[in-house]
Amino acid sequence: MTNVSIPSRAAVVIVGGGMAGLSCAASLAQQGVSDVVLLEAKTLAHAGASSFGESRMFREMYSDPVLCRLAQEANRLWRIEEQRSGEVLRQTHGLLFYGESWDEETIEGSIPGARRVMDDQGIPYEALDATQIAERFPLRPRPDFSGLFEPTAGAVRSDRVIAHWTRTARAAGHRLIEHCPVKAVDPRAGSVTLESGETIEAAQVVVACGIWSQLLLAPHGLAPKLEVWPMLWAHYTVDSDQADRYPQWFCFQQERGDDGGLYYGFPVLSRTEDGRPKIKAGIDWAPKDLRVDAPNAMAKEPPARLVELLDHFLFNNVSGIQERVETVISPYSMASDVNFVLDRMGPRLSLFSGGSGQAFKFAPLIGSSLARLAIGATPTVDLSCWSRDRDAVRV
Ligand SMILES: Cc1cc2nc3c(=O)[nH]c(=O)nc-3n(C[C@H](O)[C@H](O)[C@H](O)COP(=O)(O)OP(=O)(O)OC[C@H]3O[C@@H](n4cnc5c(N)ncnc54)[C@H](O)[C@@H]3O)c2cc1C
């Protein structure tokens with residue numbers, strides 16, 4: 001924050017420069033609100049934040065009918081956003097849910113649950129058996145596996161979205177200030193105190209600090225009940241002759257020993273510096289002993305056993321995998337019902353947190369809803385499933 005002048009007042013102060021803070025800033029710009037300041041402790045969507053990286057899945061294939069409808073609303077807003085940006089912000093190449101079907105919901109839903117909801121809501125999909133999956137994709141499903149392919153799903157290009165919203169906010173004259181950690185917020189007065197000691201008086205404050213939101217809210221008894229999960233993902237180079245055959249996939253398997261069973265992967269969306277095609281893949285569970293309450297207590301290095309499990313899955317279940325070239329740990333902010341918190345926390349304070357592994361696809365809806373709370377309006381759709389008052393997050 002060298003030599004940056006800090007305003008003493010602002011109409012809206014947003015704390016946090018990840019997906020939620022930037023989508024809120026862009027939405028305020030689109031609604032003609034000026035005098036907005038966004039404060040980011042490090043850099044926008046930095047490597048330790050939940051929004052880091054090139055891709056996130058979007059889908060309507062949910063076992064929860066409410067999330068399925070909200071995903072449809074988010075897709076409507078994405079289309080508007082894409083028209084505004086003139087860029088491809090999402091790539092539609094479909095999504096394969098495949099694996100075991102058992103009578104239990106995981107943090108990503110389940111194959112039978114998603115099928116029921118898609119039938120009810122008329123969302124198109126193809127049902128595939130293990131032979132059909134193996135013929136169509138470079139995957140090696142077990143004979144008892146089955147799958148659902150949602151052709152209208154795909155990947156949000158999260159890095160492009162972050163860049164687009166950054167440009168949108170800056171073009172509107174918003175101040176996006178990096179390397180500017182906030183020490184405290186006052187939910188009643190609306191003031192924000194920086195680590196540097198300066199104070200900004202704000203008409204409205206939006207806390208969008210991901211896993212770190214707890215640190216600002218706890219002194220006021222306002223922190224929702226959320227855990228921090230360290231989530232492992234990596235890039236793997238793949239055979240060039242298979243490069244255009246990889247689907248976006250999510251594999252459901254029951255937990256066995258220390259293998260949580262849930263794995264996912266993307267098609268080839270980028271290449272290594274020396275031009276080799278690579279896919280992103282990850283695991284979608286965190287062992288209980290690695291889940292923490294305190295954000296800064298999260299494991300920073302990829303745990304060796306999880307890396308071993310991810311390698312084992314990729315090399316045994318996906319064809320054409322060459323080598324792991326990048327290994328990353330990113331945080332999930334996780335409620336026990338895997339749903340978010342987007343709500344007003346006081347007369348001058350609103351919050352988004354608890355984005356788990358799901359929130360990016362809802363980003364335009366999250367941004368416009370936070371922006372509406374900041375201008376004293378209510379979100380355009382019913383977001384009671386993200387309320388701070390539900391049992392899953394109430395302390
Ligand atoms: C590995 C992984 C895979 C995912 N996959 C998907 C997917 O496929 N589909 C999907 O829809 N979603 C997915 N998600 C979820 C989605 O990416 C996150 O929910 C979302 O990015 C969270 O954004 P955020 O802005 O809330 O948090 P963050 O991106 O963490 O941003 C919070 C920011 O606040 C800043 N900050 C913290 N404290 C302060 C302070 N005191 N002062 C100033 N700044 C502060 C931080 O430095 C950080 O930059 C995934 C998440 C992860 C981690």
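Which residues are closest to the ligand? Gly16, Gly18, Ser51, Gly210 and Gly355 are, in a shell of 37 residues that surround the ligand.

## Basis

This is a predicted model: local features need pLDDT of at least 70, side-chain atom pairs count only at pLDDT 80 or more, and totals for chains, interfaces and linings use all residues. Residues are numbered from 1 along each chain as its sequence is written.

## Overall build

The protein chain has eight helices and 19 strands (DSSP runs: H or I of at least four residues for helices, E of at least two for strands, numbered from the N terminus). Its C-alpha atoms fill a box of roughly 65 × 45 × 45 Å along the principal axes.

Of the 395 residues, 48% count as buried (20 or more other C-beta atoms within 10 Å of the residue's own, with C-beta atoms placed from the backbone).

## Around the ligand

α1 (19-30), β3 (56-58), β13 (227-238) and β17 (321-334) each supply at least two shell residues. Domain 1 (9-52 + 158-224 + 337-386) and domain 2 (94-156 + 227-334) each give at least three. These bounds come from an automatic or database domain assignment.

## Core

The largest nonpolar core has 126 residues. Such a core is a set of buried Ala, Val, Leu, Ile, Met, Phe, Trp, Tyr and Cys residues joined through C-beta atoms within 7 Å. Val13, Val15, Ala25, Val207 and Leu370 touch the most other members. Both domain 1 and domain 2 give residues to this core, so it lies between them.

Notes:
Buried ≥ 20, exposed ≤ 12 C-beta atoms within 10 Å, placed from the backbone. Near = placed C-beta within 6 Å.
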